[in-house]
Amino acid sequence: MATVKNDVDFSQVAHAAIDQAKTWAKRSASFPEDRAGKLLSQVLKGEGGLDFTVQFVDGVIRPEDPKTRAANLNKLAKKPASFLPAYLSLPAKVGGVLAPASPTFITEAAFRVFRMLVGNLVLDTTPKKLGPAVKKLRADGSRLNLNLLGEAVLGRKEAARRLAAVTELLEYDFVDYVSIKVSSVLGVHNPWGYQKAVDQAIEALLPLYRVANKGGKFVNLDMEEYHDLHLTIDVFTGILDREEFKNLRAGIVLQAYLPDALPAMERLQEWAAQRVADGGAPVKVRLVKGANLPMEQVDALMHGWPLAVQPSKAATDANYMRILEYALRPEHISNVNLGIAGQNLFTLGFGLNLAKARGVTEGFEVEMLKGMATNQALAIREDVGRILYYVPVVDPANYDVAISYLVRRLEESAAHENFMSGVFEIADNDSVFARERNRFATGVVAAFPEADLAEAMGPLNEVPTLSFGPNRHQNRLTDDVDLLTSFRNTPDSDPSLPANIEWANQIFAKMGDSELGVKGADDARVRTVAEMEQIVVEARKAAPEWAGLSGAERAKILRRAGQVLGERRAELIEVAASECGKIVGEADVEVSEAIDFANYYADLAEELDELEGVRFSPAPVTAAIPPWNFPLAIPAGSALAPLATGSVVVFKPAEQARRCGAVIAQALWDAGVPKEALRLVDIHPDEMAEVGEALVTGSDQVILTGSIETAKLFRSWEPDLAVFAETSGKNAIIVTPQADIDLAAKDLVQSAFGHAGQKCSAASIAILVGAMGKSERFINQVVDAAESLVVDWPTNPSAEMGPIIEPAAGKLKRGLTELEPGQTWLLKPRQLDDSGRLWSPGIRDGVTPGQDAHMTEYFGPVLGIMRAETLEEAIRLQNAVEFGLTAGLHSLDPDEIKLWLSKVEAGNVYVNRGTTGAIVRRQPFGGWKRSQVGTGSKAGGPNHLIGMSHAEPVEVAVPESFATLSYPTLGEFDALADKLPKDDAGQYRAALRSVEAALKEHYLSARDVSALGVEKNVFRYRPTSVMVRLEDPEQWWKVAPMVAGALTGKTSVELSVGDDLRDTVAQAFRAAGATVSVASPAQWLSDLPKSGAHKIRYVGDDARAVAEAVGGSVDVAIYAEPVTGNGRVELRPFFLEQAVAATNHRFGDHTKLLDGVI
């Protein structure tokens, strides 16, 4: 890192900058009032003004549908708007009232209000208006850097359109300077295919640079978020290294809020110096402070990565000045010209006075945003001669595409820590000037700590310590993996870091001919029933020793397993890609999930030992039978969970993922799991019927992830088989007219085609509501994004969608090749090679209720489009399938979200994000209806180990007195204690209080333990219907607490008793809301199949008879453990678990959308 060149007195430069800022501020007051800017400033300063403006832009300007705009304007008009002047508040309020009756006319009026509020920040692209506007802005000699705003670039067609539009813009004779982002020509791409992305971007941008070269014009390559830093620099230098551009002056942006910015500037300086020495033209860096901070925060929080930017605004200001010092050296400015960009009078003044102190008179210019601090810009222009304005331009027919830019500008203008918040007061308000002066002085002191400027620059705020170089140091080539002592989510690998790209390239080089796991799987082959029976016998013999360890002792081994899995991340990715076609990015996430399972279940294992009033014991032998579609995470979780309970596991991976299973098993053994406690078995498909049956029926319980047909098969072998199965899903995303179209299209494509649609959580149906069903823009975005996906084997680093697991057959072949009546292909799937495994994505339109495409899980890369007139109808279509695994909604209307959340029937539900990628603890995973079989609880959730353990009561000390119960139903049942003997009465009353505690702490308390802020992840319990069967009426006091708790939580309870209850007890159950009936055991069992019961809490001695009575149905869950009196354990059968994940930001900034909703 270059040291500071101490050739000037930085305190003198800084004080000169302060004096100049004072001059500019006073001078700015002499110009005619910037009415639009001042109006916006006043609105944003008013209480609720920022929220009003953002909601106006997002709710009235963004939607395509006039009726939706009108409805939103009507809602907004009812909110206080004292911050609006009368000439705006009156049209807004009157328009809001009239909007529903005349939506098109009124929303046009709303657009006029919009243009008065924020229209000054962007220009109209139509040549008729753009030409005169440019001419007017350039009349004083200023130059314009035009940035064309547009739709999110999700596919190649939109990328081509954007590039053509920017090229056309540059070809106008009145335009000589444009900005473009690399993402505008690349769109969504696989970041692990780094070099291919660089090459593609260079190739795409060449025509634009040739236009610039021919016409003597300027192209500025804009910078976005941190993940594009290295990519953008490599594209920039790659283009200008071509001989044809040797004499072309072009530019790039660096953002001072990145600690990487100074090293990047040094890299560019070294490169440009050689370019100039070789006879080439200098280049330019536009130095900005950075405008993507909110999204950088989102990126860091969601992935568990360090924040890429400086820790504070003060540190950003300091880094900006440190980079100015480096750039404005005479020996540097001739190679890399500088755009001193920003609105802050002090830092602009520092740059100009530093240049003056060093005798630098050329190679730099001042750059400012159009429409922001207009009068200050005029004041500065009088001293510098001309300003380069950064001017966003947009097609007026698509003003909504400017929303993300506008929201950033609005937030900047409103945020107290930003200079812009005081721009209209700084001339006349001494306290505002002093505030900004002290902030600037603090930045100067932080920028040059070696100069010891604190005394000369005081008064100061807290001085930050400046750091240089990346905040993110993850290096998968060299990093050690932490051994955790308590759970935290494991960060995925960061593809924005060069070292990680090198690491991934090593994996790509190995996966093509990888033999990982082959020997382990072959050695585990079991060919006969006798062999399998012997393995189960040996497992059963080993069970007592493993079960004899405490939860803490097993937890220690599991945490070491998490560490070993992390150490073998590269090997696991290699085998998943080689054997199952997983692309690197998808496999990497699976490794993180596997590690999370190990560490989370370690925590839960310790918790099992601590629950009061209950003793947990494991099933001696568990058969873990995971799938092939998640060949790392689910196999690891399927083995680790029962191991955590103390059960010995016979681990049988899917045939298509046998090598992955062998590598996972070896990692667990090497971590300290005894081979006697984890037995790897491999069964050939031809021998599955008999050998597989021996495994399943010989085990005490089975953990299955697979099809509902497989679960049925297992139950046909053993009707009372304890099977915990996550089965199928037929999942839909609803998109309403209130949705953000770009976001919804992006999430839908990722949810539908990730891992070629071979995810039980994949969205295979989109239900478009009302006007969204007619949105050409939405359909075009979805089709373009899907059609642009790179489909290839995972050896191609750029592959975004890999192969299906085997040649398409059966229902998948039908889904890929056959249309039903009324359907058309928006994007017809194509078989891409002779293997039969590479298929391009398919999108079918015109799917109607009840069709095969609506009801059938194809489990491949095919998406169906349905339409509904209303949200209520869409919810009915979404719920109409027999499964209930995941479900999604895209809407920015809180009332729609609230309605949907109250009615959706799925275990994992998602708002304004994709439906895949559940993360351990953050979004515990598991479904409703036929997506779940058995009595288990969500994987990666707080009850998972409880659900697969045997629970027995432990007598607890009964207190002398009991606290009053706060829930009325529980209190009413408490009054029945005098009907019981003293000992039973004490246990009974204690159980009621345990139930109340469980209701308050768990079942009636929605919890977001991750607390990310930018995303709400709420784990909650929903009421359901349960049949309780009590064989002995004298044991009523054992079931009363659980029934009372269930009824308190609004679950419907039908209580069937083997004989008459005493009247007062029966009356209490009925008064609380339960249905009570009496039936002999034989009669009850006879009637049970016709009862429609899906959940049965059985308190009796013959649970097998219950299972036989329902024929081992996968649709009936029978809870038959002994009653423990522990509320958390006893209430589990009476509620459905649901994980809600909802995006809680707009473009990174907090939104109030979900306030009061969840």
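**Reading features in a predicted model**

Q: At 6% relative accessibility, does Arg 559 count as buried or exposed?
A: Residues under 20% relative accessible area are called buried, so at 6% Arg 559 counts as buried. Please keep in mind that this is a predicted model. In the chain, Arg 559 belongs to helix H24, residues 551-567.

Q: Which residues does Arg 559 touch, not counting residues up to four places away in sequence?
A: Contact here means heavy atoms within 4.5 Å. On one side of the sequence, Arg 559 touches Leu 483, Leu 484, Thr 485 and Ser 486; its other partners are Asn 599, Ala 602, Asp 603 and Glu 606, again not counting residues up to four places away in sequence.

Q: Let's turn to annotations. Which residues does the UniProt "active site" cover?
A: An annotation may be inferred rather than shown by experiment. In this case the record is an unreviewed UniProt entry, and its "active site" annotation covers Glu 726 and Cys 760. These residues span 35 residues in sequence, yet no two of their C-alpha atoms are more than 9.0 Å apart, so they gather at one spot.

Q: Where is Glu 726 found, and what is it in contact with?
A: Look for strand E15, residues 723-726, where Glu 726 is found. Glu 726 is buried, as its relative accessible area is 13%. Leaving aside neighbours within four places in sequence, its contacts are Leu 704, Thr 705, Gly 706, Cys 760, Leu 885, Phe 925 and Ser 931.

Q: And where is Cys 760 found?
A: Cys 760 sits in a loop, between helix H31 (741-753) and strand E17 (763-769). With a relative accessible area of 6%, Cys 760 is buried. Leaving aside neighbours within four places in sequence, Cys 760 is in contact with residues including Asn 629, Glu 726, Thr 727, Glu 857, Leu 885 and Phe 925.

Q: Which domain feature does UniProt place at residues 528-939?
A: The unreviewed entry gives "domain: Aldehyde dehydrogenase" for that span. In the model, the end C-alpha atoms of residues 528-939 lie 32 Å apart, and the span is 43% helix and 17% strand.

Q: How many disulfides does the structure hold?
A: A disulfide needs two cysteine sulfur atoms within 2.5 Å. This structure holds 0 disulfides. For Cys 660, the closest cysteine sulfur is in Cys 580 at 4.2 Å, too far for a bond. Cys 660 is buried, at 0% relative accessibility. For Cys 760, the closest cysteine sulfur is also in Cys 580, but at 15 Å, again too far for a bond.

Q: How far is Glu 574 from Cys 660, by C-alpha atoms?
A: Their C-alpha atoms are separated by 9.3 Å, with the residues 86 apart along the chain. Glu 574 is found in helix H25, residues 569-580, and is buried at a relative accessible area of 10%. Its contacts, leaving aside neighbours within four places in sequence, are Ile 507, Lys 510, Met 511, Ser 514 and Leu 516.

Q: How many aromatic pairs does a search of the whole structure find?
A: The search finds 22. In one of them, Tyr 177 and Phe 218 have ring centres 4.4 Å apart and planes at 25°, so the pair is stacked. Tyr 177 lies in strand E3 (residues 177-181) and Phe 218 in strand E4 (residues 218-222), so the pair ties together parts that are 41 residues apart in sequence. Both Tyr 177 and Phe 218 are buried.

Q: Which residues form one aromatic cluster, and which lysine lies over the face of Phe 433?
A: Phe 10, Phe 346, Phe 350, Phe 419, Phe 433, Phe 440 and Phe 448 form the cluster. Lys 22 lies over the face of Phe 433, 4.3 Å from the ring centre. Elsewhere, Lys 675 lies over the face of Trp 669, at 4.7 Å from the ring centre.

Q: Finally, is helix H40 mostly covered or uncovered?
A: H40 is mostly covered, with 12 of its 13 residues buried. Among the buried ones are Trp 1036, Trp 1037, Val 1039, Met 1042 and Leu 1047. The helix runs over residues 1036-1048 and reaches 18 Å from its first C-alpha to its last, close to the 18 Å expected at 1.5 Å a residue. Just after H40, Lys 1050 takes a positive phi of about 70°.

Note on methods:
Residues are numbered from 1 along each chain as its sequence is written. This is a predicted model: local features need pLDDT of at least 70, side-chain atom pairs count only at pLDDT 80 or more; totals for chains, interfaces and linings use all residues. Side-chain values use heavy atoms; hydrogens and water are left out. Helices (H or I, at least four residues) and strands (E, at least two) are DSSP runs, numbered from the N terminus. Buried means under 20% relative accessible area, exposed over 50%, partly exposed in between (1.4 Å probe, protein chains only). The expected span of a helix is 1.5 Å times one less than its number of residues. Rings of Phe, Tyr and Trp (its six-membered ring) pair if their centres lie within 6.5 Å; planes under 30 degrees apart count as stacked, over 60 as edge-to-face and the rest as tilted. A charge sits over a ring if NZ of Lys or CZ of Arg is within 6 Å of the ring centre and within 35 degrees of the ring normal.
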